[in-house]
Amino acid sequence: MTTILYARVSTLEQNLSHQRTQAEAAGFVIDEVIADEGVSGVSTRLQERPEGRRLFDKLRRGDTLVVRWVDRLGRNYQDVTDTIRHFMRQGVVIRTVINNMTFDGATTDPVQQAVRDALIAFMAATAQAQAEATKAAQRAGIEARKGDETRYRGKKPSYDRNTFAEVVDMLAQGAGASAISKATGLSRQAILRIRDDRVGAEKALAKWEEA
């Protein structure tokens, strides 16, 4: 039985070493890491990603698949739910680093099955909402790079790309500003600005990244 961490790394997400470090800090013993780098999670199905295909071929009954969050498993609600159920039918246990959720197809109790399936649906819907917000932020970043390069860029953000992604992840899972501040080192005010105007926060970050 093998524990595999699947990671997807793109411009809006934390780097691979950070994702592995977080998984190990949460208590996971990782045997192998499979990662897709530079692949958009909001437009590419897991099976269409180079390493995603290898993940489907490699996982066997009794293995554990670890992901930072369920959004790593698909581009939208349908992809995420289909992928989770496919792996559960194969006897693979899926666990998330955030909130330490476990999805196991072995349970036969109908009440437990209903609760599990409802939770999968809720988490997949949350992942899709997050993906839509990501696409909006990416579009805002592109627009922010256009125009006169000499224009005033505003105050430099107190967060970098990795920290921004971590704040967005934690907000999506319902974490409060104080908890996020403690985890990231950002002020509550900075976190509230990201929460209340994510597109604006992305624009500000993009302006300084192009400096």
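Predicted model: local features only at pLDDT ≥ 70, side-chain atom pairs only at ≥ 80, totals over all residues.
1. Residues are numbered from 1 along each chain as its sequence is written, and side-chain values use heavy atoms, with hydrogens and water left out.

2. Salt bridges, overall. The count comes to five, taking a salt bridge as a side-chain nitrogen of Lys or Arg within 4 Å of a carboxyl oxygen of Asp or Glu. Side chains of opposite charge can pair when their charged atoms come close.

3. Glu24 and Arg20. Their closest N and O atoms are 3.0 Å apart. Both sit in helix α1 (residues 16-25), and because they are four residues apart there, about one helical turn separates them. Helices here are DSSP runs of H or I with at least four residues, strands are runs of E with at least two, and both are numbered from the N terminus. Glu24 is partly exposed at 39% relative accessible area, and so is Arg20 at 31%; that label covers what lies between buried (under 20%) and exposed (over 50%), with a 1.4 Å probe and protein chains only.

4. What does Glu32 pair with? One partner is Arg54, with 3.5 Å between the closest N and O atoms. This pair links distant parts of the chain, with Glu32 in strand β2 (residues 32-37) and Arg54 in helix α2 (residues 50-58), 22 residues apart. Glu32 also forms a salt bridge with Lys58 (3.5 Å, N to O), and here the two are 26 residues apart, Lys58 being in α2 as well. Glu32 is partly exposed at 21%; Arg54 and Lys58 each come out at 33%.

5. Helices α6 and α7. Helix α6 (residues 177-184) packs on helix α7 (residues 188-196) at about 115 degrees, the axes being 9 Å apart. Axes are lines fitted to C-alpha atoms over the stretch in contact, and angles run from 0 to 180 degrees between N-to-C directions. On the α6 side, Ala177, Ser178, Ile180, Ser181 and Thr184 meet Arg188, Ile191 and Leu192 of α7, contact meaning heavy atoms within 4.5 Å.

6. Thr2. This residue lies in the segment before β1 (3-9) and is partly exposed at 27%. Beyond its neighbours within four places in sequence, Thr2 contacts Asp31, Asp63 and Thr64. Its C-alpha is 8.2 Å from that of Ile30, 28 residues away along the chain.
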